[in-house]
Amino acid sequence: MNVFLFLKGELRQSKGVFFGLTVLLALALAVAVSVIQTERMVKSSTIRAADQFDILVGTKGSRSALLLGTVYLRDEMLSLVPMPVLNDLSPKSSDISWAAPLAFGDRAGKASLVGTTRVFVDQAGKRTLLAGRNFEKPYEAVAGSNAGFSINDEFHPGHGMSAALGHEHKESFRIVGILPETGTPWDRAVLVPIETLWSMHGQNPTSTHDVHGDHIHEENEAWLNKDMSKLPGASALVVKPTNMAGAYRIRQHLLKSSAIAPDSSVVNLMAVFTGEALIELFAVFAAAASALKAFAASSVATSLAAALLTGFVLAKLREKDLRLLRTMGAPRRFILASVWASIEAAIVLASLGALILGTALSVAAGMVIASQTGISMMPSLGLDEIAMLAVVIAAGAVFAVIPACAVGNSRLA
């Protein structure tokens with residue numbers, strides 16, 4: 001007798017119960033698949049978002065706050081780094097490819113407004129803008145690809161980190177460039193000259209334009225060449241080292257350094273490798289990740305228990321047919337193989353369904369996270385979930401012997 005022909009008949013006769021249990025099995029396994037894919041997706045996406053920030057320089061304090069506030073544009077209270085530090089980042093100038101200040105606090109509509117320099121906008125000539133050009137005058141701006149602006153749009157920045165708080169400045173900026181899409185929160189940012197950002201708050205001693213932005217004196221055309229050391233400071237500095245040895249020299253130098261703030265107070269500094277800060281951040285969420293993995297493991301265990309139940313239920317439903325087959329001379333091994341094949345078929349189909357459904361759940365989770373963080377999230381098929389499902393199929397093949405033997409050794413045999 002052909003087991004597969006019998007299995008085909010069984011599926012036709014008991015398709016309601018068989019596919020119902022298969023769906024339940026797939027749902028349980030899909031949770032485990034989604035947990036694995038989502039964790040990997042979040043880690044890889046957050047690491048990718050930090051690619052352009054090799055070293056972050058801030059005042060001594062929370063490394064995680066510096067990372068979140070700078071790389072992910074979260075609302076963090078960051079003390080100002082005195083601007084003279086920008087010219088004293090390393091004892092060897094050859095260690096630095098480029099460095100730029102970043103000043104946070106204002107908004108352009110719903111987008112974060114960041115004061116910086118031209119070198120950060122084009123990454124020292126290594127980044128080509130999607131449209132337009134770099135800013136060249138005080139009231140020009142470059143917008144991220146998802147900031148909601150187009151070339152020649154104008155906006156009045158709002159004071160305050162929250163779009164719902166603060167007031168609107170009278171100064172008007174014009175968008176002259178659009179950055180390429182990066183899949184990071186910076187796609188929602190608008191970059192403006194840091195000197196202009198401070199001048200809006202009456203803190204730029206080198207500025208000669210009026211505070212309303214109605215007129216810019218001709219001498220301000222040379223503003224890019226002015227010494228920025230007199231500015232109040234920056235929320236953080238981002239540094240691109242020339243090589244790994246230079247990166248460690250920069251960090252070592254800054255860890256031993258302090259700077260004098262405009263109010264004559266001493267400011268201690270720290271230099272953070274974003275990779276190390278990410279590891280520290282991931283460690284904070286390790287407990288939550290472990291809990292999710294435990295939940296996924298319990299889902300897998302539930303799935304295997306459901307697979308065993310499938311065998312007993314199907315065997316019970318087909319008891320008369322199995323007894324008839326045994327009476328007609330079907331060998332015991334055929335009964336055993338038929339029950340085993342029914343269970344294993346349910347597990348294999350459920351595993352394939354779980355792979356599809358779990359990926360769909362991860363896509364949905366990625367869309368929600370991306371909408372909240374601005375970090376592009378897209379799950380990918382990996383060896384971890386494939387290996388997990390392979391173990392489930394293999395374990396199911398072993399455990400399926402239990403109900404098969406129970407039926408084979410019963411009065412049906």
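Is Glu 140 buried or exposed? Glu 140 is buried, with a relative accessible area of 5%. This is a predicted model. The chain has 413 residues, and 47% of them count as buried. Salt bridges come to 10 in total.

**Overall fold**
- The chain contains 12 helices and 11 strands.
- Among contacts with a separation of 6 or more, 77% join residues 24 or more positions apart.

**Glu 140 and Arg 133**
- Glu 140 pairs with Arg 133 in a salt bridge, with the closest N and O atoms 2.8 Å apart.
- Arg 133 is partly exposed, at 29% relative accessible area.

**Lys 240 and Asp 54**
- A salt bridge joins Lys 240 to Asp 54, and their closest N and O atoms are 3.3 Å apart.
- This pair links distant parts of the chain, 186 residues apart.
- Lys 240 sits in strand β9 (residues 236–241), while Asp 54 lies in the loop between α2 (15–49) and β1 (55–59).
- Lys 240 is partly exposed at 28%, and Asp 54 is partly exposed at 24%.

- Arg 251 forms a salt bridge with Glu 276, with 2.6 Å between the closest N and O atoms.
- Arg 251 is in helix α6 (residues 244–255) and Glu 276 is in helix α7 (residues 274–284), so the pair ties together parts 25 residues apart in sequence.
- Arg 251 is buried, at 17% relative accessible area, whereas Glu 276 is partly exposed, at 29%.
- A network of salt bridges links Arg 63, Arg 251, Glu 276 and Glu 280.

Methods
Residues numbered from 1 in each chain as written. Predicted model: local features only at pLDDT ≥ 70, side-chain atom pairs only at ≥ 80, totals over all residues. Heavy atoms only, no water. Helix = DSSP H or I, 4+ residues; strand = E, 2+ residues; numbered from the N terminus. Buried < 20%, exposed > 50% of the residue type's maximum accessible area, 1.4 Å probe, protein only. Contact = heavy atoms within 4.5 Å. Salt bridge = Lys/Arg side-chain N within 4 Å of Asp/Glu carboxyl O.
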